[in-house]
Amino acid sequence: MEASIRKENDHQVTLILDGRLDTSVTQETELEVEPLFDYKDCEVVIDCSRLDYISSSGLRLMMAINQRCRANRCDIFIKGLQDKVYDVFMTTGFVHLFQFRK
């Protein structure tokens, strides 16, 4: 699992998730996304086009990212979910907690 943050411009930051977000990598990934919380009043896009799998611990991390970004007055969007990962978001009701982009 790799997580990288890319500043697009003054108002948009992209978090790219690549691989499998499961229990074995969640703590390490939490540390990798920590710099994301330095951004305030911007748009945060989580690019999941390379995310192959997400477990319940990965969903907890997504919820934490959502909460911290919103606390920083950031709008947060998820884009590029593969069908099998989107199904997990649907089954757990997480589709109602996030905004999605194509």
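Buried means under 20% relative accessible area, exposed means over 50%, and partly exposed lies in between. I keep these cut-offs at hand for every entry below. The model I am reading is predicted.

**Entry: F100 and its patch**

I looked up F100 first. F100 sits in strand 5, residues 99-101. Its relative accessibility is 32%, so F100 counts as partly exposed. I then asked which residues make a nonpolar surface patch of about 260 Å². They are Y86, M90 and F100.

**Entry: helix 1**

Next I went through helix 1, residues 26-33. Which of its residues are buried? I find T26, T29 and V33. These cover an arc of only 60° around the axis, so they lie on the same side of helix 1. Q27 and L31 are exposed, on the other side of the helix. I also checked what the buried residues of helix 1 pack against. The partners are strand 1 (2-9), strand 2 (12-21) and helix 2 (56-71).

I moved to the loop between strand 2 and helix 1, where S24 is found. Is S24 buried or exposed? S24 has 64% relative accessibility, so it counts as exposed. I took a C-alpha distance from S24 to G58 and got 9.8 Å. Those two residues are 34 apart along the chain.

The side chain of S24 makes a polar contact with the side chain of D22, at 2.7 Å. D22 also forms a salt bridge with R20. The closest N and O atoms of D22 and R20 are 3.8 Å apart. D22 has a relative accessible area of 16%, so D22 is buried. R20, at 45% relative accessibility, counts as partly exposed.

**Entry: E2**

E2 is in strand 1. Its relative accessible area is 58%, so E2 is exposed. I listed the contacts of E2, leaving aside neighbours within four places in sequence. The list reads I16, L17, D18 and E32.

**Entry: salt bridges**

How many salt bridges does a search of the whole structure find? I count seven. Side chains of opposite charge can pair when their charged atoms come close. I noted the D22 and R20 bridge above. Two others follow.

D41 forms a salt bridge with R73, and the closest N and O atoms are 2.8 Å apart. This pair links distant parts of the chain, 32 residues apart. D41 is in the loop between helix 1 and strand 3 (43-54). R73 is in the loop between helix 2 and strand 4 (75-79). D41 has a relative accessible area of 46%, which makes D41 partly exposed. R73 has 51% relative accessibility, so R73 counts as exposed.

D10 and K7 meet through their side chains in a salt bridge, 3.9 Å from N to O. The cut-off for a salt bridge is 4 Å, from a side-chain nitrogen of Lys or Arg to a carboxyl oxygen of Asp or Glu. D10 has a relative accessible area of 64%, so D10 is exposed. K7 has 46% relative accessibility, so K7 counts as partly exposed.

Definitions and conventions
Residues numbered from 1 in each chain as written. Predicted model: local features only at pLDDT ≥ 70, side-chain atom pairs only at ≥ 80, totals over all residues. Heavy atoms only, no water. Buried < 20%, exposed > 50% of the residue type's maximum accessible area, 1.4 Å probe, protein only. Helix = DSSP H or I, 4+ residues; strand = E, 2+ residues; numbered from the N terminus. Arc of directions from axis to C-beta. Contact = heavy atoms within 4.5 Å. Polar contact = N/O pair within 3.5 Å; in protein donor to acceptor, adjacent residues only side chain to side chain. Patch = residues over 30% accessible without salt bridge, like charges linked within 9 Å, V, L, I, M, F, W, Y side chains within 5 Å. Areas by Shrake-Rupley, 256 points an atom, 1.4 Å probe, with all protein chains shown as cover.
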